[in-house]
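Here is a short report on two chains and the contact between them.

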Amino acid sequence: MLDIIIKYAVGGFPIWMWPACAGGSAVIYFLFHVLSSLPQIRPYAFLIKPVSAIVFMISIFMYGGAGVDAIYKAAFKEQQQQLELAQQASTDATKQLTDALAANEHLVKGRNYGVSQIIIKDTTKINADCNRINNDAWEDYNRAVKNTGSKQLPAAGAKQ
Amino acid sequence: MKQLIVIFVFLLTACANNKPPAIPNWPTVPADLQQPAADLTPLGANQHNLSDLISNSNDNYTQYYILKEKYEGWQNWYNGQQKIWQGLK
């Protein structure tokens, strides 16, 4: 509730109101004798000095608070702008990297295709000297592929 | 006097109207870098030719190069983001 009052009531006051209030209360304070001589005000004359003094202090205080608030708002706005720029730069960098990754992966797969075509072309020549690889070689190769350390047992934590 | 104190406290809080800090969004990692790493392909049961072995090696080396790209991509992404966000201050 207090937050709402601060935000929509006190926070909504224009800054010029505080020096105006301070000046007004100072004038009232120094015109105490004149005001207390008026018959309509005379019954409340004892309140003029303390109330005007308090209003003066509060107004000055609030004027200072409004100034600090304005400084914070300006700093916040500047920080927000820097953040927006950084976020845009971050998004751009990520997109650039995404594009580069896709292009490089495409390139790697393209080279793989090229090599596979060469292997297909050379299949007869490759298999001429070694038509069938040794069973142990086959197993050892797969063991290496699967990162399995032992002939009997797979290495701890290794995928099968 | 009590009312005066309440009013004074109320006015004091007017200066404590703090603004929320500007919170940046956590940068998004490229989707490619979040994909799980593919396993290497072993030789099939009926693949006993040397050409099968070379072909299989070609595929597995390709996996390595794809993962290398992703690994370097992670490094580039992290260093790039660090440079951007540390430049704020």
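Start with helix α4(A). It has 85 residues and reaches 120 Å from its first C-alpha to its last, close to the 126 Å expected at 1.5 Å a residue. The expected span is 1.5 Å times one less than the number of residues. Helices here are DSSP runs of H or I with at least four residues, and strands are runs of E with at least two, numbered from the N terminus.

This is a predicted model: local features need pLDDT of at least 70, side-chain atom pairs count only at pLDDT 80 or more, and totals for chains, interfaces and linings use all residues. Residues are numbered from 1 along each chain as its sequence is written, while chains are lettered from A and ligands numbered from 1 in the order in which they are written.

α4(A) bends by about 65° at A:Asp122. The bend is the angle between axes fitted to the seven residues ending at a residue and the seven starting there.

Chain B has 2 helices and 0 strands.

| Helix | Residues | End-to-end C-alpha distance | Expected span |
|---|---|---|---|
| α4(A) | 85 residues | 120 Å | 126 Å |

Now the contact (C-beta atoms, placed from the backbone, within 7 Å). Chain A gives 48 residues and chain B gives 41 residues. On the side of chain A, the largest share, 34 residues, comes from α4(A).

Note on methods:
Two residues are in contact if their C-beta atoms, placed from the backbone, lie within 7 Å.
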